[in-house]
Amino acid sequence: MRIVLLGPPGAGKGTQAQIIAARLGVPAISTGEIFRANVGGDTELGKQAKVYMDAGDLVPDVITVAMVSDRLAEPDAKAGFLLDGFPRTIAQAEQLRDSLAGMGHALDRCLELVVDEDELVRRLSGRRVQVDGEMVQRDDDKPETVRHRLEVYREQTAPLAGFYEEVGLLSRIDAIGEIDEVTRRALEALGADEALDDEPDDESGR
């Protein structure tokens, strides 16, 4: 299956991406991983991206999409993949569609993890990191900052979710609850009944 996973900060997207991909037997691919591989590997695309990154500018879509397309053409992704963090805009979604069409493929589903904003603020503002032996709150996890991050996400992603809904590919998943229960909802939305049989046997679901 070829899947795009959407979700706001704090929705558990990174965790679910890894679990769902493992259940389906496809690679979980993040844009962060792709950028690190290209820049670290000193590829031509990596060199081009680094110029923008070093200047503090956004990497143009044409470079980002080219990197993603190269990654999706690798052998492990030929039978399917789960994209985490891409696309972020409708323009990127259209370019992804065209790139996949050029490979003779199409996206199967877009999953959007849905969590109430107050719950997201509670989750993120409750996080702590250790600094000099003390557990402290990061600046970007303060409630007012979290709400701003969520506002930016809504502005960027609401149109993207609408784009996939319009073409009949969007499934919204209630992402409140135990990790394994959210995974079950996602797999059911994908119609991946066989993957549900691979759940852990212990009562905790972990």
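Biologist: At what angle do helix H5 (residues 90-102) and helix H7 (residues 143-166) pack?

Modeller: This is a predicted model, in which local features need pLDDT of at least 70 and side-chain atom pairs count only at pLDDT 80 or more, whereas totals for chains, interfaces and linings use all residues. Residues are numbered from 1 along each chain as its sequence is written, and side-chain values use heavy atoms, leaving out hydrogens and water. The axes of H5 and H7 are 9 Å apart, an axis being a line fitted to C-alpha atoms, for helices over the stretch in contact, with angles from 0 to 180 degrees between N-to-C directions. The two helices pack at about 35°.

Biologist: How many charged residues does the contact of H5 with H7 have?

Modeller: From H5, Ile90, Ala93, Glu94, Leu96 and Arg97 meet Pro159, Leu160, Phe163 and Tyr164 of H7, contact meaning heavy atoms within 4.5 Å. Ala, Val, Leu, Ile, Met, Phe, Trp, Tyr, Cys and Pro count as nonpolar, Asp, Glu, Lys and Arg as charged, and the others, Gly among them, as polar. By class, seven residues are nonpolar, none is polar, and the number of charged residues is two.

Biologist: What is the geometry of the rings of Phe163 and Tyr164?

Modeller: A search of the whole structure finds one aromatic pair; rings of Phe, Tyr and Trp (its six-membered ring) pair if their centres lie within 6.5 Å, and planes under 30 degrees apart are stacked, over 60 edge-to-face, the rest tilted. Phe163 and Tyr164 are both buried (under 20% relative accessible area; exposed is over 50%, partly exposed in between; 1.4 Å probe, protein chains only). Their ring centres are 5.2 Å apart and the planes stand at 75°, so the pair is edge-to-face.

Biologist: Which exposed residues lie on the face of H1 turned away from its buried side?

Modeller: Helix H1 (residues 13-24) buries Lys13, Gln16, Ala17, Ile20, Ala21, Arg23 and Leu24. These cover an arc of only 160° around the axis, which puts them on the same side of H1; the arc is that of directions from the helix axis to the C-beta atoms. The opposite face carries the exposed residues Gln18 and Ala22.

Biologist: Against which helices do the buried residues of H3 pack?

Modeller: In helix H3 (residues 44-54), Leu45, Gly46 and Ala49 are buried. They fall within an arc of 90°, so they line one face, while Glu44, Val51 and Asp54 are exposed on the other side. Helices (H or I, at least four residues) and strands (E, at least two) are DSSP runs numbered from the N terminus. The buried residues of H3 pack against helix H2 (31-40) and helix H4 (61-72).
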